[in-house]
Amino acid sequence: MARSARPLGPARGAAAVVALAITALFVAAIAMLAAQAQGAGRLGPADWAALRFTLWQALWSAGLSAGLAVPLARALARRRFWGRGALMLVMGAPFILPVIVAVLGLLAVFGRAGVLNVALGAMGLPPLAIYGFKGVVLAHVFFNLPLATRLILGGWASIPAERFRLAQSLRLPLFPHIERPMLRAVVPGAFVAVFLICLTSFAVALTLGGGPRATTIELAIYQAVRFDFDLGKAALLAALQFGICLIAASAMGLLPARDLRDGAMDRVVVRWDGQDTAARVTDALVILLAAVFLIAPLLAVAFSGLGGFGAMPAAIWPALGRTLAVALAAACIATGLALTLALRGGRLVAVAGHLPLAVSPFVLGMGLFLMLRLVVNPLPLALVITALANALAALPLAYRALAPEARAVRLAYGPLAASLAMPPAAQLRHLYLPRLRRPLGFALGLSAALSAGDLGIVALFANPGQETLPLLMYQLMGAYRMEAAGGVALLLLGLSLALFWLFDRGGRIDARG
Amino acid sequence: MLEVKALRVSDGDFTLSADFALPQGSLTVVIGPSGGGKSTLLSAIAGFLGSDAGQMLWGGVAFGGADPGARPVSILFQDNNLFPHLTAALNVGLALNPRLALSSQDRAKIADALTQVGLSGMGDRLPATLSGGQQGRVALARILVSQRPVVLMDEPFAALGPGQRQEMMALVRGVLCAAGKTVLMVTHDPQDAAGADYVIALADGRADTPISAARFAAAPPERLAGYFRK
Amino acid sequence: MKTKYLISVAGLCLGASAAMADVPELTVLTYDSFASEWGPGPAIKAGFETVCDCTVTYQIAIDGAAILSRLSLEGGATKVDVAVGLDSALTAAARASGFFAPSGVDEATDLPVAWNDDIFVPFDWGYFAFVADADTPAPDSLRELADSDLKVVIEDPRSSTPGLGLILWAKSAYGDGAGALWADMADNILTVTPGWSEAYGLFLNGEADAVLSYTTSPAYHIIAEGDAGKVAWRFDEGQYMQIEVAAALASSDAPGLARDFLRYLQSDAVQALIPTTNWMYPVRMPEGGLPTGFDDPAAVVKPLLMTEGEAAALHDTAIEEWRAALAR
């Protein structure tokens with residue numbers, strides 16, 4: 001029965017509708033900008049320089065993140081140690097923090113007055129300059145190494161233990177026969193995912209880039225809209241960015257999505273290699289270095305936030321409530337959409353699932369604003385729109401978490417469900433939802449955490465009384481209240497981690513069978 | 001009667017042809033080397049593969065164009081026959097109501113079927129807590145309660161020991177065939193043929209006309225000679 | 001009985017909304033820190049509502065520049081009656097947009113430069129300045145800063161009004177020499193941030209010796225934190241000014257109310273609020289004068305401000321000059 005020709009998952013039509021709607025939404029967002037423009041935009045030499053820089057930094061960031069993730073994922077895959085779960089949880093935090101918080105944390109360690117340079121100075125060594133191209137790449141690796149690691153770790157977790165045993169008994173070297181084929185399948189996906197995320201970077205690139213050399217397309221779009229009021233140029237730049245991302249996303253859609261697999265987090269691959277001292281020491285060193293690199297800046301954020309806890313205004317409590325509501329709504333929408341796409345499977349669906357990485361949140365926000373204005377006053381809906389936009393932003397990761405698992409369920413149980421004539425709703429309820437509990441929990445947790453920490457497009461719409469925590473944090477910073485802002489940042493960090501932990505855990509408890 | 005008339009199925013480069021008729025309540029074994037087309041034949045009858053030519057009928061009614069779930073056919077796969085997160089009783093219940101909205105009558109039927117396959121009182125167990133043989137029995141109970149007259153089995157007991165295999169064959173015969181089910185079972189073990197009514201030899205994409213088990217035992221078809229020598 | 005109850009509740013709701021509709025609403029678009037709990041917005045709303053018999057509703061944009069881009073995204077079809085917080089460097093673009101109507105307000109102000117504008121009404125102002133720790137050796141000019149080893153954080157002129165102000169500052173003080181100034185200052189610029197908050201955050205974290213901010217910034221640290229350790233550098237060539245203005249929308253359906261609001265912004269009540277909420281200078285000195293901790297604005301050697309025509313004409317070339325010098 002292995003060659004069953006038809007996709008047997010339920011709700012194939014719904015997936016087509018979702019995929020089309022997502023594509024249409026992004027094309028329409030850019031078209032709305034263009035329609036609003038007074039004449040066509042023109043690109044100058046500075047814009048082409050921005051394009052070159054954007055591509056160059058994204059390539060480096062993606063290459064380094066994916067490259068460094070390989071030894072880290074390998075070490076994490078074959079070692080079990082106290083605090084491994086907590087480490088995996090906290091490692092994901094940079095990815096879900098507001099950009100400015102993560103940057104300030106990074107600088108507290110690597111900056112001019114950071115711990116590292118103070119230590120170097122005390123030893124009489126010259127300071128390390130972070131600002132410039134390497135600062136941009138360092139920050140992007142800080143943000144994306146955990147993601148790349150998780151993607152690649154999924155590859156390791158998906159190798160059956162028997163295969164290691166077989167190779168062992170045949171005395172085959174492990175790397176060329178088992179690990180290289182797996183890495184060849186998984187690493188390109190991780191590379192492209194990080195590449196796409198870095199393409200739409202802007203505040204990180206500029207702040208750590210040391211000056212206008214580090215201008216990305218996203219900044220050029222921002223400038224065209226905010227200062228030049230040149231919507232034609234903004235639309236042109238957005239289309240250019242969309243095109244590049246579409247090519248990369250298509251490449252990713254064509255790659256097998258066998259990552260973010262279930263159990264990637266807590267399954268230690270049972271294997272018999274790497275038991276000698278050298279391997280143990282290397283793994284321990286890799287894990288230790290990565291943990292320090294990723295966690296030290298977070299500790300800095302937490303430390304500076306503790307002082308600001310008392311200074312936080314009463315407005316944080318309603319803002320916390322709104323942030324939670326937006327995060328939960330975004331998580332449900334993102335996971336629902338991702339599940340619809342994942343149940344269908346296939347390459348075109350995979351491209352649609354990755355598409356949201358291809359559009360800058362800024363352009364999407366403006367496009368939504370313009371579109372909604374045709375039918376309704378968008379301002380009172382700020383939180384609804386923010387939830388929707390955050391959901392779209394989280395969709396690619398939720399999709400990557402669900403698609404391989406849904407495919408595995410479809411292959412294993414699809415024929416049985418079909419021969420029992422289970423209608424789509426019954427398949428969803430009695431087959432897919434119970435079998436996908438763990439990846440569903442992971443997808444919900446990740447998208448809730450991402451949504452909570454993201455300033456999102458609420459900044460484009462929000463009115464007094466609609467502030468979320470990230471927006472409140474920016475308002476506090478704008479009013480000189482850096483200390484209170486640090487407190488809010490710490491609160492956000494805690495909230496994001498708690499959301500992720502709760503959902504991820506919920507998916508694991510009592511996952512029978 | 002299950003009739004397969006001038007059936008032609010292609011699966012990639014592979015082509016299969018078959019033409020036979022099996023009386024209701026009979027047990028037929030399909031035997032032959034791997035790659036010969038046994039699984040292709042079951043896939044075509046179950047509806048997972050489309051056919052290029054020919055007809056499939058039950059009781060004179062053609063079902064070749066229907067979806068897998070709409071055919072008069074139950075199927076027992078090599079593995080993944082039970083949903084691991086559902087209890088044995090619910091796995092059986094899927095054949096009565098795929099939405100699992102079960103009445104008290106349904107529950108009684110399920111309990112009765114489980115008793116018939118020797119799993120009395122084990123309805124609340126999850127598959128992971130049952131042995132391989134017991135899991136096979138749950139699947140048999142599900143086939144028993146379904147309204148579908150034809151049963152397809154794809155090397156269903158390959159993973160079981162010889163003793164358990166014989167028990168299961170006895171169950172198939174004594175419970176399924178006795179209930180009037182027409183069973184078509186793919187196997188590569190000549191011993192399974194001994195307990196069957198008919199044997200279909202299948203090699204190189206061609207299914208022979210069914211012969212009685214006794215005739216098969218006395219004179220195995222020439223085409224399968226190489227297979228048996230192994 | 002129940003039906004009757006429901007009808008009377010519905011009637012009450014209708015009555016309530018009718019009563020609300022009787023009070024005219026004034027929609028004010030401003031930047032978020034102006035409208036936030038810590039800005040002057042809430043007090044201005046409360047104060048104006050007691051005299052206008054109307055309801056003030058704020059809409060917020062993330063900064064001053066976003067106000068105009070929000071209006072241009074809305075293409076003039078907006079509910080907004082008054083925009084508060086446009087920057088003097090952007091008035092040319094704002095005027096050209098045609099969104100705004102003459103203000104009808106032309107009271108004299110205490111601004112150090114003459115301000116005659118039929119549309120844009122100033123409500124606060126400040127001097128751009130580099131803010132540093134008091135014990136950091138202070139240069140006397142942009143040129144001296146460029147020749148020093150000091151490291152500063154500035155904002156990007158393409159995404160932030162202080163950033164744009166610095167570009168115009170260099171152009172006002174050095175004219176055609178601005179390009180050379182930037183070339184020499186490139187090694188002093190630690191980094192460039194998208195906005196003021198990021199830059200000021202970096203500075204407070206000890207990353208840079210100084211940050212591009214305002215002469216009024218030290219007053220915040222003195223008054224709110226009791227910390228006298230921050231100073232604003234005064235330069236011999238002068239400081240560039242930022243004047244924040246408000247304007248009424250031409251599309252407003254309450255032009256009379258909008259004019260009253262613009263006038264109210266210049267009233268003593270609001271002007272007295274400005275220093276310790278928006279941390280800028282008032283355009284008319286309130287009765288009590290400036291709070292202790294604020295420098296006397298008259299201490300600045302020379303106020304620099306281009307006319308909006310000059311600023312608009314120089315905008316693109318000045319930014320490109322800056323970009324080219326720093327991108328090398």
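## Ala203(B) and the build of chain C

Ala203(B) counts as buried because its relative accessibility is 2%; buried means under 20% relative accessible area, with a 1.4 Å probe and protein chains only. This is a predicted model: local features need pLDDT of at least 70, side-chain atom pairs count only at pLDDT 80 or more, and totals for chains, interfaces and linings use all residues. Residues are numbered from 1 along each chain as its sequence is written, chains are lettered from A and ligands numbered from 1 in the order written, and side-chain values use heavy atoms, leaving out hydrogens and water.

Ala203(B) sits in strand β9 of chain B, residues 198-203. Strands are DSSP runs of E, at least two residues; helices are runs of H or I, at least four. Neighbours within four places in sequence aside, Ala203(B) contacts Pro33(B), Gly36(B), Arg223(B) and Leu224(B). Contact means heavy atoms within 4.5 Å. Ser34(B) is 169 residues away along the chain, yet its C-alpha atom is 8.4 Å from that of Ala203(B).

Now chain C.

| Property of chain C | Value |
|---|---|
| Secondary structure | 13 helices and 12 strands |
| C-alpha box along the principal axes | roughly 85 × 45 × 40 Å |
| Buried share of the 328 residues | 56% |

Among contacts in chain C between residues at least 6 apart in sequence, 76% join residues at least 24 apart.

Definitions and conventions. Buried < 20%, exposed > 50% of the residue type's maximum accessible area, 1.4 Å probe, protein only.
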